[in-house]
Structure formats: C-alpha cells, structure tokens
Amino acid sequence: MGLPVLDFSVYELGKGNVSVAKLEKLSKELRKAFTEVGFVYLKNTGINQEEVEKVMHVSKEFFCLPEDMKKPFSRGSFSCNEFHGWIAVENEILNPSRPGDLKEAYNITSLSADNNWPSEGVEDFRDVHVSFFLRCKDLSLRVLRLMALGLDLEPEVFLNTHKHIGSAVNATTLRSLYYPPVNSTCVKENQLRCGEHSDYGSITLLFQSPESGLQVLNRAGEYVSAPSIPGTVLINIADLMQRWTSDVYVSAAHRVLLPPAGDSSTRQSLAFFVHPDDEAMISCCDGSDKYPPINSFDYLLSRFNDTYGKKQALV
Ligand SMILES: O=C(O)CCC(=O)C(=O)O
Ligand SMILES: [Fe+2]
C-alpha cells in the first residue's frame, strides 16, 4: 500500500478563521498517518508546483557551476552558522555502513543578507531560497498546531518551542539537494544516492523532482516507494518529535536509491528540516518520563556527531 495523501485545503496557507470542527477532523487524519506510517503527502497546502520548480531551477544553476565557484560556499566556512553552506558529492554518509552519498546539497540555515550568498551565474539565489524558506516555515507552523490538536494537547504546545525559525537561535534548515548523473561503472559497492537514515528534528517537509528513488521503511519492515506527486508536499516525523511524543508519532527510516544502470538523469529535492529553538527543553508531551528532558540543540549536535563524526560534520 502506498503512503497516505491528505487534503489540506481547509487549512491551506492564507486561510484564517477555520472552524474548530474542520481543524479537528484534519488533525485526526494527520494523527492516523503520523502514528501508523510517519509520512504523509499533503495536497492543497498553498505551496504550488511552480514555486517549487522555480527554487529547484535556481538551485540547479548553482550546482552546475564549476567546483571552484562552489567551494567558497562550503559548509564550515560561514561564521554565522557551522551547518550553513554547500556540501560536495560523497561528503556525507547518512548510513555509515555505506560509502559516501552520491548527492550534493546546499544548506540554508542562516537567512542573513550579510552572509556570502552565491550570485555570480545564479541571480536571485538568496531571494528565491529565503522566500521559499518562509513559505515552508508558515506551513510547518500550521502542521505543528494540528499535530498538537491530534494528540488532544494545547494547540500551542509545539509552537511555543518553534518561535524563532529563521533566526540565529533556531537550527531549522532548507536543504536543496542535487543528485548528479550516475555513471554506473564508477559506483562503489553498496553506494546509494542517499543512505538509510531518519531525520533529526521535529518534522521535515520534502518536495521532489519527478525522478524516482525515494523509499520509506514501513511498519512491516519493507521499503516502499515514495514517488513525487506534483503539487503535494511530503511531510515526515523526525526523531526528536518521536521522542517528544513518547513514540506516538513515528519517525520512519528512508533512503534514495540509484537510478537503473544506464539512466543518466539527475534528481533534485528540497527538504525543510524543522527544529525547535536551540534553547528549548524537550520533555515527553504526555507528562511521562519515557525519555529524560533534553536540550534541543544538544540533541541535534549529538546526532550530527554520531552520524558524520565530528570531523565530517564540519567539512
Ligand atoms: O532527496 C530526497 O528525496 C530525500 C532526502 C533526505 O531524506 C534527506 O536529506 O534527509
Ligand atoms: Fe531524510
């Protein structure tokens, strides 16, 4: 069975004064998806396909620049934020038992105009990505509100700790991913476009180009494909949210496979990784002590260090 698809139109961006009954219905549907699968496609969110394609187009212009024009933007070279910036092919290993991932990425964690932003050969890079970041932020806050309602909690319970998305005290990141053409004769044993992993923060919003490859691990322990559905956003629970909800909302592993041999197509995706504010203390929202309280940023750092090793996280 494929992943669930929900119609978000009652609460789409720009809509206000939504009746409690409608919100409750949607929150129960979301709850079902997040407890049973951990992934859901939302249609009619207000973020349309043209917007997504525009961001991917500008990103791709950057990824297609020669290496020496991309290097100055490498992750680790920005004083504003250690995670912000460009990551070269094979520089990340999301599943440490495999070779490096066959992907490039650009993390947008700081929105400050004072940063060094790509501009030569990629006009509007900052404007296009910052606008999209803010659209994703608005949608995320709507989803977080519904997620609280779905658990019969105060609607603000998650929002209270997501007040600073887009500022220096919150690690939320828009990551543009580019999967270059694969030359099957050069692929290492067990290498993938993106190794098996689960995301770290609260939730992730994902937009994909039409090329297939993404798979999600279901509760039966099988990987099922999660194709691109134009006009939708794929939303998943990440690990800190699973912990926060005492394992009620589940964070599912996922990966991106290589294209079939001989298929030289590229692939793109935009992932919006939502994190609570750095200083937030995350305690089980049901009042239980299933997991001890943890500082949001400490949790993120420990996950980065586990996955990449300290050295790699800063490359
Ligand atoms: O590119 C994709 O479709 C998924 C990427 C992903 O899961 C990630 O970067 O965490
Ligand atoms: Fe992921």
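1. Let me start inside the protein: 13 residues line the second largest cavity, and Phe207, Gln208, Ser228, Ile229 and Thr232 lie nearest its centre. This is a predicted model, in which local features need pLDDT of at least 70 and side-chain atom pairs count only at pLDDT 80 or more, while totals for chains, interfaces and linings use all residues. Residues are numbered from 1 along each chain as its sequence is written, chains are lettered from A and ligands numbered from 1 in the order in which they are written, and side-chain values use heavy atoms, with hydrogens and water left out.

2. That second largest cavity holds about 80 Å³ of space. A cavity here is a set of points, on a 1 Å grid over the protein atoms alone, where a 1.4 Å probe fits but cannot get out; lining residues have an atom within 4 Å of a point.

3. Gln208 deserves a look of its own. This residue sits in strand β7 (residues 203-208) and counts as buried because its relative accessibility is 8% (buried means under 20% relative accessible area, exposed over 50%, partly exposed in between, with a 1.4 Å probe and protein chains only). A polar atom of the Gln208 side chain lies 3.0 Å from the backbone oxygen of Ala226, and one lies 3.5 Å from the backbone oxygen of Pro227. Leaving out residues up to four places away in sequence, Gln208 touches several residues, including Met56, Leu234 and Arg267 (contact means heavy atoms within 4.5 Å).

4. Now for the metal. The iron ion (ligand 2) is coordinated by His197 (NE2), Asp199 (OD) and His254 (NE2), at 2.1 to 2.3 Å. Along the chain these donors follow the spacing H-x1-D-x54-H. Donors are N, O and S atoms within 2.8 Å of the metal (3.2 Å for Na, K and Ca), and water is not among the atoms, so sites may look incomplete. Both His197 and Asp199 are buried.

5. On to the pockets. The largest has a volume of about 200 Å³, and helix α1 (residues 20-36) gives the most to its lining, with three residues. Met1, Lys32, Glu36 and Arg219 are among the residues that line this pocket. The second largest pocket has a volume of about 150 Å³; of its 13 lining residues, Met56, Ser209, Pro210, Glu211 and Gln268 are the closest to its centre.

6. Finally, two backbone angles to check. Most residues other than glycine have a negative phi. Asn44, in the loop between β2 (39-43) and α2 (49-63), has a positive phi near 60°. Asp247, in the loop between α5 (239-244) and β11 (254-256), has a positive phi of about 70°. Asn44 is partly exposed, at a relative accessible area of 38%, and Asp247 counts as partly exposed at 23%.

Note on methods. Helix = DSSP H or I, 4+ residues; strand = E, 2+ residues; numbered from the N terminus. Polar contact = N/O pair within 3.5 Å; in protein donor to acceptor, adjacent residues only side chain to side chain. 1 Å grid on protein atoms, 1.4 Å probe; cavity = no way out; pocket = protein on both sides within 12 Å on 5 of 7 lines; lining within 4 Å. Points joined across faces, edges and corners; volume = space filled by probe spheres on them.
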